[in-house]
Amino acid sequence: MAYSGPFQPGDKVQLTDPKRRHFTIELVPGANFHTHKGMVAHDDIIGSDEGSVVTSTLGTDFLCFRHLLVDHVLSMPRGAAVIYPKDAAQILVEGDIFAGARVLEAGAGSGALSMSLLRAVGEKGHVYSYELREDHLEYARDNVKEYFGETPKHWSPRLGDFGEVTPEDLGGPVDRVILDMVEPWQFLDTVREILIPGGVFMTYVATVPQLMNIMEGIRAQKCFTEPRAWESLVREWKVEGLATRPEHRMNAHTAFLVWTRRLADGVTPPRPQRRARR
Ligand SMILES: C[S@@+](CC[C@H](N)C(=O)[O-])C[C@H]1O[C@@H](n2cnc3c(N)ncnc32)[C@H](O)[C@@H]1O
């Protein structure tokens with residue numbers, strides 16, 4: 001799949017009409033896209049630059065762009081709730097997902113995070129995505145293949161329980177572990193086993209009781225640094241002259257992010273020093 005350059009046959013193109021409605025088509029030479037605003041010939045788009053305007057037979061202008069990853073994630077079919085782009089961005093940076101990293105995620109769910117991880121680690125890295133449910137893994141496989149145009153060679157989607165994964169299954173320990181599941185605190189022994197010393201472990205939990213359980217669980221393992229917890233709030237703004245203000249609506253809560261690092265074997269975490277209360 002091409003990510004830039006003039007449109008080619010096979011590209012997925014998002015057409016936006018003057019009312020900002022989106023229509024996605026796959027370019028096929030000789031084919032036509034029909035709407036009640038007239039017909040658009042795919043051949044009028046093939047060969048043009050992204051950001052071009054194509055005019056239908058009834059005179060409606062459509063703006064043409066390729067789907068970005070964020071557009072794909074928010075519009076793709078899903079079996080399980082996805083990690084929202086604002087949180088995936090936090091995971092990529094705070095989780096230090098570097099080019100060439102070996103990353104394990106579970107559960108794969110609908111494959112939303114898998115795609116961001118696969119792009120970040122690149123072909124020299126590897127992403128292992130474990131998923132308990134066959135139907136969810138099928139969504140992940142289809143969504144990832146749809147986005148990349150093929151199943152990436154540096155991706156191993158696997159049906160199975162994360163709790164049963166061993167370093168041998170992965171050809172050795174991994175650099176990063178990301179868990180998005182209901183009870184991640186049940187699987188901390190596995191995280192400890194498969195994560196390299198210094199490796200980053202992040203998890204994503206929706207509720208306060210889950211947050212408390214995972215924070216306490218990490219501390220009890222005594223092989224991780226003092227965990228950090230936060231959430232990200234993104235509020236869009238309408239910027240139009242005197243009407244400039246925050247948007248009325250926002251996704252106020254998605255989930256909490258939890259972060260820690262694996263200590264070297266045999267090391268116990270230094271006691272965190274808390275400032276005395278005044
Ligand atoms: C919220 S979804 C994950 C969504 C995914 N991160 C995404 O961005 O599309 C949680 C998934 O974890 C899976 N799951 C729960 N426990 C699991 C386990 N022990 N091993 C593997 N997958 C598990 C569930 O079947 C579910 O599909």
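**Exercise 1.** How many residues lie between β3 and β4 in the hairpin that they form?

*Solution.* This is a predicted model, in which local features need pLDDT of at least 70 and side-chain atom pairs count only at pLDDT 80 or more, while totals for chains, interfaces and linings use all residues. Residues are numbered from 1 along each chain as its sequence is written.

Step 1. Helices (H or I, at least four residues) and strands (E, at least two) are DSSP runs, numbered from the N terminus. Strand β3 covers residues 32-35 and strand β4 covers residues 38-41.

Step 2. Two strands pair if DSSP finds at least two bridges between them. β3 and β4 are joined by four bridges in the antiparallel sense. Asn-32 has Ala-41 of β4 as its bridge partner.

Step 3. Two residues stand between β3 and β4 in the hairpin.

**Exercise 2.** Find the order of the strands in the open sheet of four strands, and explain which strands stand at the edges.

*Solution.* 

Step 1. The order is β2-β1-β6-β5, with antiparallel pairing.

Step 2. β2 (22-26) and β5 (53-55) each have a single partner strand, so one side of each is left without a neighbour in the sheet. These two strands stand at the edges.

Step 3. Direction ignored, neighbouring strands of this sheet are turned by 35° against each other on average. (Axes are lines fitted to C-alpha atoms, for helices over the stretch in contact, and angles run from 0 to 180 degrees between N-to-C directions.)

Step 4. Inside the sheet, β1 (residues 12-16) and β6 (residues 61-66) run antiparallel and are joined by four bridges. Gln-14 has Phe-65 of β6 as its bridge partner.

**Exercise 3.** Describe how helices α2 and α3 pack.

*Solution.* 

Step 1. Two packed helices are described by the angle between their axes and the distance between the axes. For α2 (residues 85-94) and α3 (residues 112-121), the angle is about 35° and the axes are 10 Å apart.

Step 2. The contact involves Ala-88, Ile-91 and Leu-92 of α2, and Ala-112, Leu-113, Ser-116 and Ala-120 of α3. (Two residues are in contact if their C-beta atoms, placed from the backbone, lie within 7 Å.)

Step 3. Sorted by class, this contact has six nonpolar residues, one polar and no charged ones. (Ala, Val, Leu, Ile, Met, Phe, Trp, Tyr, Cys and Pro count as nonpolar, Asp, Glu, Lys and Arg as charged, and the others, Gly among them, as polar.)

**Exercise 4.** Is Lys-222 buried or exposed?

*Solution.* 

Step 1. A residue is buried if 20 or more other C-beta atoms lie within 10 Å of its own, exposed if 12 or fewer, and partly exposed in between, with C-beta atoms placed from the backbone.

Step 2. Lys-222 has 11 other C-beta atoms within 10 Å, so Lys-222 is exposed. Lys-222 is located in the loop between α6 (208-221) and β12 (228-230).
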